[in-house]
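Trainee: I would like to go through this model term by term. Can we begin with strand pairing?

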Amino acid sequence: MKISFLNQSFIDHIDKYKEIISQFSLSDYPFLPTLKDEQFIREIYSKVLKTATELANRTDALVIVGIGGSILLSRGILQGQNRDNVYFLGQGLDFDAFNKTLKMLKGKKLSLAFISKSGTTIECKLMFEYLKNFVEKENIVVISSKNSQIYKDAEKEDISCFEIPESVGGRFSFFTPVGMFPLAYAKLDFLKFYNGFLQEIKSFENDIFNSNEFSYACARKELSSNFQVESVISFDYKIQSLLPCICQLLAESLGKENKGIYPSPCYFSEDLHSIGQFMQEGKKCFFETFITCAKDEKNNSKNFNFNDEINNIKSIYKKYNSVACNSSIKAHADGGNKIINIELDSLSEEECGRLIAFFILSVLLYAKLDGVNPLNQGGVENYKSNMKKFLNE
Ligand code: PA5
């Protein structure tokens with residue numbers, strides 16, 4: 001992975017951030033030592049894998065009930081990998097959306113996983129209590145804090161339970177049963193993602209000031225004085241599927257105390273034909289962060305000939321997608337837009353794990369620069385408690 005900048009002279013001023021970042025320590029964030037404990041994570045994973053494999057072998061589909069940090073990353077990964085035997089419910093209270101998914105599930109033998117750290121989020125609890133009636137007990141799994149009522153009740157009812165460690169909050173919890181179970185059910189190799197995650201943390205720790213995370217966090221901080229919005233852009237389906245989770249991480253961790261940058265996901269080429277117009281010629285209230293994948297040299301050969309390649313549609317799409325990416329970056333840069341390009345080496349599971357670590361670490365650094373606590377989400381909690389209050393009235 002490497003990071004580059006267009007139309008920015010911020011790199012000349014980066015030293016001014018070193019003093020504050022020299023006080024930064026990963027041990028100040030209790031979820032990180034938990035996630036970095038490889039033996040601990042591998043032990044939990046072997047238990048989760050066993051249960052998930054048994055359930056996958058005896059059922060047709062898995063319904064995951066969860067919202068926000070409890071599902072966004074696993075949903076993105078499964079979507080990017082075209083795993084269509086896992087369904088997500090509990091993300092809203094609109095009956096039509098719920099009913100549409102129910103119809104798709106008709107006739108399937110189901111597994112059901114409830115994923116919620118608190119165990120009390122209304123959207124999810126309502127859905128879980130309803131769906132529980134239609135799924136055999138041995139095919140249900142509860143993933144929650146050990147202290148939650150729902151975890152305690154599930155244990156009493158002999159339902160399989162996996163704990164979300166107390167130190168690990170929603171949007172940081174993918175490398176716990178929260179992400180392990182969905183991936184294992186869908187037969188994706190969780191450990192490949194985890195290895196990439198660990199590698200990125202190690203290389204960050206070795207040299208924070210020369211890390212991609214340091215450059216990205218400082219660039220955002222510089223840009224935040226002139227821009228309110230960060231368009232987070234991708235041309236690749238596997239990355240596009242992760243954009244909601246990346247934007248959540250940035251928004252929920254850093255949007256507080258009247259600070260932060262509003263992250264807006266952009267799906268190119270489609271958005272180039274709609275909001276792309278604004279991005280080139282509208283009000284300059286945003287900067288752009290592209291997440292791209294290194295070019296495949298073979299597909300970029302100058303001799304590329306449409307007629308020769310017509311039978312190789314994959315090669316054509318790769319070539320055209322990469323040309324669309326370069327063309328839009330150039331057009332936007334020529335128009336004066338500030339651009340950050342995070343270029344991945346590949347779209348492999350390991351590189352995806354690195355990307356997750358990259359955003360988590362960058363968020364922690366930026367929070368340090370902005371003086372906010374990245375681990376809480378007071379606004380979200382207010383909404384949740386209002387909802388409970390109004391329902392009880
Ligand atoms: O990142 C977060 O903390 C939030 O997005 C939560 O994950 C989300 O609100 C769901 O909470 P819970 O897992 O308690 O149901």
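Mentor: Two strands pair if DSSP finds at least two bridges between them. Helices (H or I, at least four residues) and strands (E, at least two) are DSSP runs, numbered from the N terminus. Valine 232 stands opposite threonine 289 in β9. The model is predicted: local features need pLDDT of at least 70, side-chain atom pairs count only at pLDDT 80 or more, and totals for chains, interfaces and linings use all residues. Residues are numbered from 1 along each chain as its sequence is written.

Trainee: How do you know that β7 and β9 pair?

Mentor: Count the bridges. Strand β7 (residues 229–234) and strand β9 (residues 286–293) share six, in the parallel sense. The cut-off is at least two bridges, so β7 and β9 pair. Serine 234 stands opposite isoleucine 291 in β9.

Trainee: Which other strands are joined to β7 and to β9?

Mentor: Strand β8 (residues 262–267) runs parallel to β7, with six bridges. There, isoleucine 233 stands opposite cysteine 266. Strand β10 (residues 339–344) runs parallel to β9, also joined by six bridges. Threonine 289 faces isoleucine 340 in β10.

Trainee: What makes β9 largely enclosed?

Mentor: Burial. A residue is buried if 20 or more other C-beta atoms lie within 10 Å of its own, exposed if 12 or fewer, and partly exposed in between; C-beta atoms are placed from the backbone. Eight of the eight residues of β9 are buried, so the rest of the structure largely encloses this strand. Both faces are covered. Phe286, Glu288, Phe290 and Thr292 are buried on one side, and Phe287, Thr289, Ile291 and Cys293 on the other. In β7, five of six residues are buried.

Trainee: What makes a set of residues a nonpolar core?

Mentor: The members are buried Ala, Val, Leu, Ile, Met, Phe, Trp, Tyr and Cys residues joined through C-beta atoms within 7 Å. The largest such core here has 98 residues, and Phe114, Ile143 and Phe181 have the most contacts inside it. Helix α16 (residues 349–370) gives the largest share, 13 residues.

Trainee: How do you know that this core lies between the domains?

Mentor: Domain 1 (2–26 + 193–379) and domain 2 (37–188) both give residues to the core, so it lies between them. The bounds come from an automatic or database domain assignment.

Trainee: What is phenylalanine 181 in contact with?

Mentor: Two residues are in contact if their C-beta atoms, placed from the backbone, lie within 7 Å. Leaving aside neighbours within four places in sequence, phenylalanine 181 meets that cut-off with Val48, Ala52, Ala113, Val141, Ile143 and Phe162.

Trainee: How far apart are the domain centres, and how many residues make the contact?

Mentor: The C-alpha centres of domain 1 and domain 2 lie 29 Å apart. The contact takes 17 residues from domain 1 and 15 residues from domain 2. On the domain 1 side, α12 (243–254) supplies the largest share, six residues. That side divides into twelve nonpolar, three polar and two charged residues. Ala, Val, Leu, Ile, Met, Phe, Trp, Tyr, Cys and Pro count as nonpolar, Asp, Glu, Lys and Arg as charged, and the others, Gly among them, as polar.
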